[in-house]
Amino acid sequence: MESSGIREAPGRGPRVLVVGGGIAGLGAAQRLCCCSALPSLRVLEATARAGGRIRSERSFGGVVEVGAHWIHGPSQSNPVFQLAARYGLLGEKELSEENQLVETGGHVGLPSVTYTSSGGSVSLELVAEMSSLFYSLIDQTREFLHSAEAPAPSVGEYLKKQIREHVASWAEGEGTKMLKLAILNNLFNVECCVSGTHSMDLVALAPFGEYTVLPGLDCTFPGGYQGLTDRMAASLPTDVMVFDKPVKTIRWNGSFQEASAPGEAFPVLVECEDGGCFPAHHVIVTVPLGPATCSAASSPGWSPSSWRRCRMRTCSCLSPRCSAG
Ligand SMILES: Cc1cc2nc3c(=O)[nH]c(=O)nc-3n(C[C@H](O)[C@H](O)[C@H](O)COP(=O)(O)OP(=O)(O)OC[C@H]3O[C@@H](n4cnc5c(N)ncnc54)[C@H](O)[C@@H]3O)c2cc1C
C-alpha cells in the first residue's frame, strides 16, 4: 500500500488520527497528548492553517473576527473560558467573578436607545414590553425538549403562531401595533444571529431546549479568538499537525497493512485527496457534518448509515475539552 510519505508520528501507543484541525480537533489532540501512553498521533487538516472557523484577521489595523467572536457563558464550567483564562488571553473584566456570575438566561440585553427607520426614537417601555414577551416565548420553546409531540416543527413557526394570538388581544391603535410588530421582528433577527441561521423557521423546535445556557456575561478575546487555537496548536508536539491533507475517504472495520509496520494490521484506513494513505487504530472525525454528509458521504465508504455507525462506534465527534499542555 502507498504510505503517507510523512515522518513517523510522535508517540508509541496505538495510532490515532484526528481529521480536522479546528478547535474540536485541536482539543481532542491536546487531550490525547495528556494520556500516559501517548498515542502515535496525527491531526490531518485540509487547509494550510489550524483553527478552522476561528480566524482573527489583523491586516485591517485592528482585530477583525472573521469567524467565532464571543465566548458564550464565560464561567468555570465552560472549557473555552477555562483554556482562554489559563493561557492569559482574557482581560480583568472578563475574568472577574462578577462577570462570571451574571445570569442572562441566553437573552440579549436591551438596547439603551432604539430608533425607527424614519429616525424617531421608540419608547424604552415598549421595547422592554416586547422583549419580555419575546423572551418568555423563547423560554417556552425549551419546554418541548422531551415532549412526545412538539406543537410546531420549527422555533420560528411556534413563535409566529404564539405572537399572532397575542396580537389578536392588542387594543392599541394601528400605529402602535405596527411599531410593536417591528420591535418583535427585530428581536427575531437578533435571535437568528444568536442561533446562526437566517430564519428561525430552519431551527427545529423539539431539540431547541438541548442548548445549555451557562452563566457569565458573553465576552470577547481582546487579542482575537484565534489566539486560543494558535496556543492550542503550539502546545502539540512537533509533527502532530499535518496541513494541506484533505481526507477523501475513511475505510472502517478492515485489516490494513503498512510496509513500515510488517505484520501489523490496522482496522481503519484514511485516504487523502493527494493519494496519501494513513492506516490507524482509531480515527476521530471533527469535520462539520455539512461537508461530511455532502462530500465525504458521497465517497465510497461514506453512506448515511456508515456515518451513523461511525459516530456510534469507532470515532466520536468531540467538542473541545479543557486540557492545556
Ligand atoms: C461567522 C461565524 C461566527 C461564529 N461565532 C461564534 C461565536 O461568537 N462564538 C462561538 O462559540 N462560536 C461561534 N461560531 C461557531 C464556531 O466557530 C464553531 O462552532 C467552531 O469553530 C467549530 O469548531 P470545529 O473544530 O468543530 O469545526 P471547524 O472550525 O469547522 O474545523 C473543522 C476543520 O476541519 C477541516 N476539514 C474539513 N474537511 C476536512 C477534510 N475532508 N479533511 C481534513 N480536514 C478537513 C477544516 O478545514 C477545519 O479546519 C461562529 C462560526 C462562524 C462561521
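Modeller: Helices here are DSSP runs of H or I with at least four residues, strands are runs of E with at least two, and both are numbered from the N terminus. It's a predicted model, so to speak: local features need pLDDT of at least 70, side-chain atom pairs count only at 80 or more, and totals for chains, interfaces and linings use all residues. Numbering starts from 1 along each chain as its sequence is written, and side-chain values use heavy atoms, with hydrogens and water left out.

Now the second largest pocket, which holds about 340 Å³ of space (the space filled by probe spheres set on grid points joined across faces, edges and corners). A pocket is an open set of points on a 1 Å grid over the protein atoms alone where a 1.4 Å probe fits, with protein on both sides within 12 Å along at least five of seven lines; a lining residue has an atom within 4 Å of a point.

Its lining has 19 residues, and Thr114, Val127, Ile183, Asn186 and Leu187 lie nearest the centre. Both α5 (124-141) and α7 (174-195) supply at least two lining residues each, with α7 giving the largest share, seven residues. By class, that lining splits into twelve nonpolar, seven polar and no charged residues. Nonpolar covers Ala, Val, Leu, Ile, Met, Phe, Trp, Tyr, Cys and Pro, charged covers Asp, Glu, Lys and Arg, and the others, Gly among them, are polar.

As a side note, Phe256 sits in the loop between β8 (247-251) and β9 (268-272). Phe256 and Leu269 are 13 residues apart in sequence and 6.7 Å apart C-alpha to C-alpha.
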